[in-house]
Amino acid sequence: MQPGYGAPRMILPDKTMAIEEAVARIGNGATVMVGGFGVPGTPFTLIRELVRQGQKDLTVIKNDANEKHLGIDHLLANGQVTRLITTHIGLNPRAIELMNAGRIEVEFCAQGILAERVRAGGAGLKGFLTDIGMDTDLARNKPAFELNGEQALLETALRADVALIHANRADVFGNLDFTATARNFNPLMAMAADLVIVEAETLLPLGGLRPDEVHTPGPFVDCVVQLQELTAEYDVVQR
Amino acid sequence: MSNAKARMIARAAREITPGMVVNLGIGLPTRVVDHLPAGYPVCLHTENGLSGIGPTLPPESADRNLIDAGGAYVSTIPGSAFFDSAVSFALVRSGRLDLTMLGAFEVSAAGDLANWKIPGRFSPGAGGGIELAQKARRVVVLTTHTDRDGKPKLLCECTLPLTARHCVDRIFTDLAVIDVTPEGFALRELADGASIDSVLDATGAPLALPEGRIPVF
């Protein structure tokens with residue numbers, strides 16, 4: 001029901017929080033979605049705080065495992081990850097070594113299927129049918145169906161306990177926008193977790209983002225952390 | 001890079017026709033774009049969320065938030081668009097991608113592609129490769145004709161785990177242009193300096209030869 005004529009104007013709640021307090025809500029054994037594709041969109045500062053606090057037995061869902069000494073690699077090096085759901089870890093030799101040594105379990109997804117599983121989880125769906133990967137190792141253990149005369153695999157939706165999101169701009173209610181290819185998995189994961197923590201390069205007051213500019217609407221977001229500085233990890237990678 | 005490889009890449013560029021939406025896989029395929037003339041009407045797509053890719057930039061002028069799927073710092077051009085990963089693969093899976101160019105470990109005579117996994121040696125994950133191979137309207141492969149040990153990469157059947165079945169339409173190698181037809185591999189063009197016999201020797205499956213003069217690239 002919307003406010004009637006002459007009713008008082010509401011104010012949207014303020015979700016800004018200290019980073020220590022936001023990350024302390026993550027428990028041992030949590031499943032954690034992490035935005036980013038390579039460097040762009042990876043929430044390096046939230047990851048650093050998670051490393052500092054040291055929560056254990058995490059299942060991490062991220063497109064990639066970053067590179068050595070960047071992002072997710074710090075969680076791996078610190079022994080906090082037991083399971084990784086990902087699409088490609090070729091740029092992180094440590095992740096490959098841990099996988100080959102059996103010290104982390106890795107589940108690979110086709111990249112767009114990972115995106116779609118997260119999207120489905122964020123949309124309150126249980127899964128979807130697809131023919132992607134039918135003829136690959138990735139089809140193993142997935143129920144197959146015949147649909148209109150074609151074979152299709154069941155892909156289950158993914159949700160997480162926590163999503164760690166990097167936004168370009170956020171207002172205090174948690175309306176977000178992303179920039180360039182730093183968008184990638186961020187808006188999808190921001191819909192697919194019970195606790196959504198956002199680090200924002202720029203924090204704006206209410207109204208600072210025009211309604212048409214919002215990529216992720218505030219109701220999906222729980223905690224907004226303003227970045228005090230952009231550390232070297234966010235920089236252009238020198239190869 | 002050898003002359004033969006450079007000629008292969010230049011020849012592959014002619015596969016891109018005006019108006020196409022094209023995704024160039026990591027590695028050799030990304031070099032194809034260097035052979036397109038300025039102002040050529042084509043839309044390059046990268047699966048991490050950009051259509052309308054502009055030139056690659058050196059680190060000092062790069063935007064830290066703007067990369068392609070291979071991690072190269074790229075730029076935008078007038079008309080570029082950014083989107084999330086679900087939208088990016090919706091574009092691929094729904095048939096909006098006209099052409100993809102991919103690398104290969106092996107290609108079978110039926111057009112099966114293996115390019116993501118060598119059990120026990122190389123298994124970093126497939127990234128977006130499965131969807132590109134399975135759903136692009138046209139799939140062409142750029143590869144050396146043989147592997148580092150001189151063994152054929154074009155085979156009757158793939159021995160490595162597949163990326164997708166019946167997906168490859170055409171193969172550009174350092175020796176030849178070969179099509180995958182319902183009857184198997186068919187030679188279309190020869191690299192400058194390559195002989196029919198050298199191509200037959202380097203191919204691990206029957207190869208149909210054209211009648212008449214064979215074009216050279």
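The model is predicted: local features need pLDDT of at least 70, side-chain atom pairs count only at pLDDT 80 or more, and totals for chains, interfaces and linings use all residues. Residues are numbered from 1 along each chain as its sequence is written, and chains are lettered from A, with ligands numbered from 1, in the order in which they are written.

**Helix α5 of chain A**

Helices (H or I, at least four residues) and strands (E, at least two) are DSSP runs, numbered from the N terminus. α5(A) covers residues 111–122. Its end C-alpha atoms are 17 Å apart, which agrees with the 16 Å that its 12 residues should span at 1.5 Å a residue. That expected span is 1.5 Å times one less than the number of residues.

The helix is mostly covered, with 12 of its 12 residues buried. Buried means that 20 or more other C-beta atoms lie within 10 Å of the residue's own, with C-beta atoms placed from the backbone. Among the buried residues are Glu116(A), Arg117(A) and Arg119(A). Both chains contribute to the cover. It includes β1, β5, β7 and α6 of chain A, along with α2 and α3 of chain B. After the helix comes Gly124(A), with a positive phi near 75°.

**Chain B**

Chain B has 4 helices and 13 strands. Its overall figures are tabulated here.

| Property of chain B | Value |
|---|---|
| Radius of gyration, over C-alpha atoms | 17 Å |
| C-alpha spans along principal axes | about 50 × 40 × 30 Å |
| Buried share of the 217 residues | 44% |

The globule rule is 2.2 Å times the number of residues to the power 0.38. Contacts are residue pairs whose C-beta atoms, placed from the backbone, lie within 7 Å. Of the chain B contacts with a separation of 6 or more, 64% join residues 24 or more positions apart.

**Nonpolar core**

A nonpolar core is a set of buried Ala, Val, Leu, Ile, Met, Phe, Trp, Tyr and Cys residues joined through C-beta atoms within 7 Å. The largest has 123 residues; Met33(A), Ala163(A), Ile197(A) and Val198(A) have the most contacts inside it. Strand β8 of chain A (residues 160–171) gives the most to this core, with 7 residues.

**Contact between the chains**

The contact takes 34 residues from chain B and 35 residues from chain A. On the chain B side, α2(B) gives the most, with 5 residues. This side divides into 17 nonpolar, 10 polar and 7 charged residues. Ala, Val, Leu, Ile, Met, Phe, Trp, Tyr, Cys and Pro count as nonpolar, Asp, Glu, Lys and Arg as charged, and the others, Gly among them, as polar.

Methods:
Two residues are in contact if their C-beta atoms, placed from the backbone, lie within 7 Å.
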